[in-house]
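Please examine the packing of helices and the strand arrangement in the entry shown here.

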Amino acid sequence: MNFNTYPFNYLKSIRNPITAFQNRHQLKWSQIAVVFTFITFLMTAPVYTHYQKVESFSFYDFYPEIVDMIDEEVISEIQQIDLNNGEMTNQNSFKVEADQGTIVIHSKINTNDYEDAINFLGFEKKQFVVRDDSEEPRIVPYLTTTSFKGKNKEQIIEELSEAYTITNGSGIIVSLILVIYGFILLFNAFVIFVYAYLLKSMQDFTMSSIITYRESVNLVLNLIAIPTILAMIFGFIRFNLITMFGIQVIALIAMLVYLFQQTQFIDEEDRI
């Protein structure tokens, strides 16, 4: 097996800043695209594992205005809902309308109840219906363990959150991962290509041996691998995306400073 060919040559190049600088000519643009995707994936891996561990998403995070509508009068009515194995056994009927939305308790809710409402929360026989002004109504079945009897507002929200997560959890996780992946992709693109541009621009002021933009991008990709692995390890231990970005960027800057001190970005054969 030839370890001097792609992708093994890239793995050899990331060992330290000096080899990263010496091997800055190895990657083609197509290979740069693959390595960039790989770097982004490394930063995304802790995101996936973090959200896989989440047992319940807060109902308030998705519908804050609806939660704010739940006052003492509404709580009193919700507490009277009698659920047995996820099915309403009493025939309570209640409706409150306000500027910010509508809350209804009824065994059968009509579409007219929520079509014109900015925000809507309705308790039916086997499910609750929730809608805000940015989406279609979501129908969430009660769990067999769902109960509102004697619960305060926080506990009622916990019951709604648990049922909402069971029904929509996988979709929420996929959506969050895609959004965060897109954010990481943009952040990495900004860091890599801006830093590469700055390195390329140094040729106008110094005797830098970095001639082309492609070798500059290749160099930054070589250097950013170890910082990204460090950020990923931190993310697995204690997930915090901002801190992960901080570790990645600070470690990259440290490696660039070290590289400049050692080489002044000049190839050994060109040094005086």
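The model is predicted: local features need pLDDT of at least 70, side-chain atom pairs count only at pLDDT 80 or more, and totals for chains, interfaces and linings use all residues. Residues are numbered from 1 along each chain as its sequence is written, and side-chain values use heavy atoms, without hydrogens and water.

Helices (H or I, at least four residues) and strands (E, at least two) are DSSP runs, numbered from the N terminus. Helix α3 (residues 29-53) packs with helix α8 (residues 153-201) at an angle of about 145°, the axes lying 9 Å apart. Axes are lines fitted to C-alpha atoms, for helices over the stretch in contact, and angles run from 0 to 180 degrees between N-to-C directions. The residues of this contact (heavy atoms within 4.5 Å) comprise 16 nonpolar, five polar and no charged.

Thr-44 lies in α3 and counts as buried, at 7% relative accessibility (buried means under 20% relative accessible area, with a 1.4 Å probe and protein chains only). Leaving aside residues up to four places away in sequence, Thr-44 touches Ile-177, Tyr-181 and Ile-184.

Five strands form an open sheet of mixed pairing, ordered β1-β2-β3-β4-β5; two strands pair if DSSP finds at least two bridges between them. The edge strands are β1 (94-98) and β5 (138-141). Strand β2 (residues 101-105) runs antiparallel to β1, joined by five bridges. Two helices pack on the sheet, as tabulated.

| Helix | Strands touched | Direction angle |
|---|---|---|
| α6 (residues 72-79) | β1, β2 and β3 (120-123) | about 155° with β1 |
| α8 | β3, β4 (127-131) and β5 | about 105° with β5 |

How values were computed: Ala, Val, Leu, Ile, Met, Phe, Trp, Tyr, Cys and Pro count as nonpolar, Asp, Glu, Lys and Arg as charged, and the others, Gly among them, as polar. Buried means under 20% relative accessible area, exposed over 50%, partly exposed in between (1.4 Å probe, protein chains only).
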